[in-house]
Amino acid sequence: MKDSHGRTIDYLRISLTDRCNLRCIYCMPEEGVTSLAHADILTLEEIERVVRIAADMGITRVRLTGGEPLVRRGVTDLVRAIRATPGIENVALTTNGILLPRMADELAAAGLSRVNISLDTLDPEQYAAITRRGSFDEAMAGIDAALEAGFDPVKVNAVVVRSLNQDVLSFARMSLDRPLHVRFIEYMPVGASAGACGCGWGKQDVIASDELRATIEEQACAAGIGPLLPAARHTPEGWGPAQYYEFEGAKGTVGFISPLSRHFCSRCNRLRLTADGKIRPCLFSDDEFDVRAALRSGADDSAVRDVLYAALGAKPDDHHDKVGTERGMSQIGG
Ligand code: SAM
Ligand code: SF4
């Protein structure tokens with residue numbers, strides 16, 4: 001499936017819910033979150049139908065996200081159903097990891113193969129401050145559970161925010177002893193929070209990947225770990241745009257995702273489906289296409305396909321450094 005800029009689109013990110021068991025400062029307000037009404041959220045059967053039709057059109061890989069996808073009831077059954085959909089080769093999950101100790105084994109058995117766990121700090125106090133509700137020990141137990149369940153790769157994603165002054169070397173060190181792929185993501189201006197969600201994105205809070213890599217490398221050399229080398233031996237097979245490095249002898253890698261400083265729009269391969277059934281051609285654009293109406297209209301699959309093609313045709317060439325979106329990351333599906 002090609003979009004109007006000639007890019008192959010084969011990856012669908014599905015938000016299962018806008019709800020979350022955490023309240024990360026850059027993603028959701030602390031209080032007063034209005035969640036989608038139950039009736040507005042796609043049922044699991046509706047999601048399965050979209051996946052079946054999208055797979056028929058050329059989607060081969062699906063990632064479940066949110067909100068926190070593991071708080072959605074039936075997520076394991078959904079993984080199993082998507083995995084069994086003809087044409088779908090791989091199902092992945094992005095999670096804050098809190099529920100993984102309870103769910104990792106059943107998800108693996110259902111056919112989930114890869115997991116990204118979001119964790120922004122290794123300091124328990126800072127973790128509590130960033131997530132407002134989270135327990136650092138539970139998040140770390142989630143990483144352990146993911147490795148034990150055999151997901152491959154297991155990636156740990158950290159959003160880097162300058163004013164948070166995170167200890168980035170400690171993070172990078174996690175790649176030394178275990179097959180963990182630690183990735184640093186530039187802080188993106190998504191949501192009205194480029195003002196209103198309590199944290200207020202600002203350009204001054206973005207650390208460009210090149211600067212961050214230099215900082216990590218300097219600290220790693222000072223600590224006797226050595227430089228970051230371009231990852232040659234075990235770049236984790238990915239669907240995304242990270243650039244990977246590794247310390248000599250490390251079991252995992254250190255990746256950098258640079259949506260702002262080195263944008264990868266020209267290689268964009270994805271569409272997004274929000275929990276309330278809108279296809280979103282681009283994270284940064286407020287354009288949405290209503291697949292829920294097509295699903296609930298009683299029409300046949302061609303109506304759904306038309307919406308998917310309309311969204312495909314509307315994929316912009318580039319995010320053009322847009323700042324702010326009407327919906328926040330937890331509502332879009334990060
Ligand atoms: N709750 C799950 C989690 O935290 O992994 C899935 C949804 S969350 C919205 C997906 C990812 O988006 C997380 O890694 C989170 O850190 C990231 N994220 C949220 N807001 C962001 C922002 N403004 N810039 C960069 N990444 C952001
Ligand atoms: Fe929840 Fe993920 Fe947003 Fe944190 S980043 S509030 S865990 S959706």
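# Helix packing, sheet and ligand shell

Helix H1 and helix H9 cross in a right-handed manner; a crossing has this hand if the near helix is turned clockwise from the far one by less than a right angle, and is left-handed if anticlockwise. The model is predicted: local features need pLDDT of at least 70, side-chain atom pairs count only at pLDDT 80 or more, and totals for chains, interfaces and linings use all residues. Residues are numbered from 1 along each chain as its sequence is written, chains are lettered from A and ligands numbered from 1 in the order in which they are written, and side-chain values use heavy atoms, with hydrogens and water left out.

Helices (H or I, at least four residues) and strands (E, at least two) are DSSP runs, numbered from the N terminus. Two packed helices are described by the angle between their axes and the distance between the axes. Axes are lines fitted to C-alpha atoms, for helices over the stretch in contact, and angles run from 0 to 180 degrees between N-to-C directions.

| Helix pair | Axes come within | Crossing angle |
|---|---|---|
| H1 (residues 44-57) and H9 (residues 301-313) | 10 Å | roughly 65° |
| H2 (residues 75-83) and H3 (residues 100-110) | 8 Å | roughly 20° |
| H6 (residues 168-177) and H7 (residues 209-222) | 9 Å | roughly 80° |

Arg49, Arg52, Ile53, Ala54 and Met57 of H1 meet Asp301, Val304, Arg305, Leu308 and Tyr309 of H9, where contact means heavy atoms within 4.5 Å. Six of these residues are nonpolar, none is polar and four are charged. In this classification Ala, Val, Leu, Ile, Met, Phe, Trp, Tyr, Cys and Pro count as nonpolar, Asp, Glu, Lys and Arg as charged, and the others, Gly among them, as polar.

H2 and H3 are, by their angle, roughly parallel to each other, and H2 passes H3 in a right-handed crossing. Val75, Thr76, Val79, Arg80 and Arg83 of H2 touch Met103, Glu106, Leu107 and Ala110 of H3. This contact comprises five nonpolar, one polar and three charged residues.

H6 and H7, in turn, are roughly perpendicular to each other. Val168, Leu169 and Ala172 represent H6 in the contact, and Leu212, Ile216, Gln219 and Ala220 represent H7. Six residues there are nonpolar, one is polar and none is charged.

An open sheet of 12 strands, with mixed pairing, runs in the order E7-E8-E9-E6-E5-E4-E3-E2-E1-E10-E11-E12; two strands pair if DSSP finds at least two bridges between them. At its edges lie strand E7 (229-230) and strand E12 (289-290), each pairing on one side only. E7 runs antiparallel to strand E8 (residues 243-246) and is joined to E8 by two bridges, with tyrosine 245 of E8 as the bridge partner of proline 230. Two of the helices above also pack on the sheet. H2 touches strand E1 (11-15), strand E2 (61-65) and strand E3 (90-95), its direction making about 170° with that of E2. H7 touches strand E5 (154-160), strand E6 (180-186), E8 and strand E9 (253-257), and makes about 155° with the direction of E9.

Most residues other than glycine have a negative phi, and most peptide bonds are trans. Aspartate 152 and proline 153 are joined by a cis peptide bond, with omega about 5°; proline 153 lies in the loop between helix H5 (136-148) and E5. Arginine 132, in the loop between helix H4 (124-131) and H5, has a positive phi near 65°.

Around ligand 2 stand Cys20, Leu22, Arg23, Cys24, Cys27, Met28, Gly67 and Asn96, each with a heavy atom within 4 Å of the ligand. This shell has five nonpolar, two polar and one charged residues.

Technical notes:
Angles under 35 degrees count as roughly parallel, over 145 as roughly antiparallel, 65 to 115 as roughly perpendicular and the rest as oblique.
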